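Thanks for coming. I will take a few minutes on salt bridges and helix packing, and then stop for discussion.

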Amino acid sequence: MPNPSSFSRQIGSDRVDGMRESVIREMTREAHRHDAINLSQGIPDEDETPPSVKQAAKAAIDTSSQYTITWGLPELRETIAERYEEWKGVSYDPETEVTVTTGTSEAVVSSLLALCDPGDGVIYFEPTYESYIPAVQFAGGRPIPLDITDGLEVDPDALREAAKDASILILNHPHNPTGKVFTPRELELVADVAAAEDLIVVTDEIYEHIVYTDEYRSPVEIDGLAGRTVVCTGMSKTYSVTGWRVGFALAPEPLSAELRKVHDYTSICAPTPFQKAGVEALSLPEDYYANLS
């Protein structure tokens with residue numbers, strides 16, 4: 001092993017100061033070490049990946065080993081746009097408003113890096129998925145956590161007050177780690193507050209098909225939200241392919257154009273064979289999604 005050099009200056013940058021390894025990763029290692037059930041990481045059962053989707057990925061490896069267009073395979077972006085118009089009733093241009101990312105986490109981080117200026121307030125609800133905290137720090141944002149532990153309900157007055165000093169709101173829906181589904185009334189509150197304070201909303205909807213309530217609505221289905229929202233989601237949970245790292249970011253063109261600047265110079269493109277398989281995954285019949293709930 002090389003001997004560590006003696007530096008006369010601070011090595012780590014301010015953007016990583018005080019940051020530690022993910023607790024999820026740490027607890028996963030502990031679970032493996034003790035042969036324990038791992039409840040820290042959202043890994044679906046391995047045998048639940050649809051066979052046709054796995055076969056599409058295997059076939060694609062033989063023919064698709066090079067880069068795709070940075071924004072994603074055109075046929076995948078077209079399929080994403082088609083399905084989301086069917087599911088949410090919102091029309092996205094696959095050429096300018098749909099970006100395929102290296103997982104949903106990259107979509108969230110790219111959005112914050114592109115849309116958050118240093119010192120901007122970023123609202124998120126606690127308890128929170130841990131990656132939002134470093135994502136805000138990477139972007140130089142100022143975290144504004146709102147605790148909903150008591151009753152898992154959004155306090156309208158607290159949200160309105162926090163929004164006065166914020167530029168972005170992160171909405172994890174369905175919520176990790178609690179499983180909370182924000183009610184239509186709460187989403188309407190978010191829409192009203194976002195419009196009043198000119199907030200950008202960044203959603204993480206990776207669990208969107210794994211819900212147990214008829215009240216579930218995507219935020220973009222609420223009047224006024226689609227035009228100021230970046231939807232971050234992907235294949236991981238719905239199709240049981242967490243290791244494939246294929247995410248989606250859907251947003252109006254002005255927001256998409258900005259997040260693409262970060263995506264272009266970081267991950268370049270998501271894995272090509274798994275993008276190919278994504279077309280097959282998004283073409284599964286509707287009863288596949290019904291059986292997830």
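To begin: is Glu86 buried or exposed? Glu86 counts as exposed, because its relative accessibility is 56%. The cut-offs here are under 20% relative accessible area for buried and over 50% for exposed, with partly exposed in between, using a 1.4 Å probe and protein chains only.

Before going on, two notes on the source. This is a predicted model, so local features need pLDDT of at least 70 and side-chain atom pairs count only at pLDDT 80 or more, while totals for chains, interfaces and linings use all residues. Residues are numbered from 1 along each chain as its sequence is written, and side-chain values use heavy atoms, with hydrogens and water left out.

Back to Glu86. Its side chain meets that of Arg83 in a salt bridge, at 3.0 Å from N to O. By salt bridge I mean a side-chain nitrogen of Lys or Arg within 4 Å of a carboxyl oxygen of Asp or Glu. By this rule the count comes to 12 salt bridges. Both Glu86 and Arg83 lie in helix H3, residues 74-88, and they sit three residues apart, about one turn of the helix. Helices are DSSP runs of H or I with at least four residues, strands are runs of E with at least two, and both are numbered from the N terminus.

Next, Glu208 and Lys88. The closest N and O atoms of this salt bridge are 3.0 Å apart. Glu208 lies in the loop between strand E5 (200-204) and strand E6 (229-234), and Lys88 in helix H3, so the pair ties together parts 120 residues apart in sequence. Glu208 is buried at 4% relative accessibility, and Lys88 is buried at 10%.

Now the helix packing. Two packed helices are described by the angle between their axes and the distance between the axes. Axes are lines fitted to C-alpha atoms, for helices over the stretch in contact, and angles run from 0 to 180 degrees between N-to-C directions.

How do H4 and H8 pack, and at what angle? Helix H4 (residues 103-115) and helix H8 (residues 253-266) pack at about 115°, with their axes 8 Å apart. They are therefore roughly perpendicular to each other; that class covers 65 to 115 degrees, with angles under 35 roughly parallel, over 145 roughly antiparallel, and the rest oblique. On the H4 side, the residues in contact include Glu106 and Leu113, and on the H8 side Leu255 and His263. Contact means heavy atoms within 4.5 Å.

The other pair is helix H2 (residues 51-61) with helix H9 (residues 272-281), which pack at about 145°, also with axes 8 Å apart. Among the residues that meet are Val53 and Ala57 in H2, and Phe274 and Glu280 in H9.

That is where I will stop.
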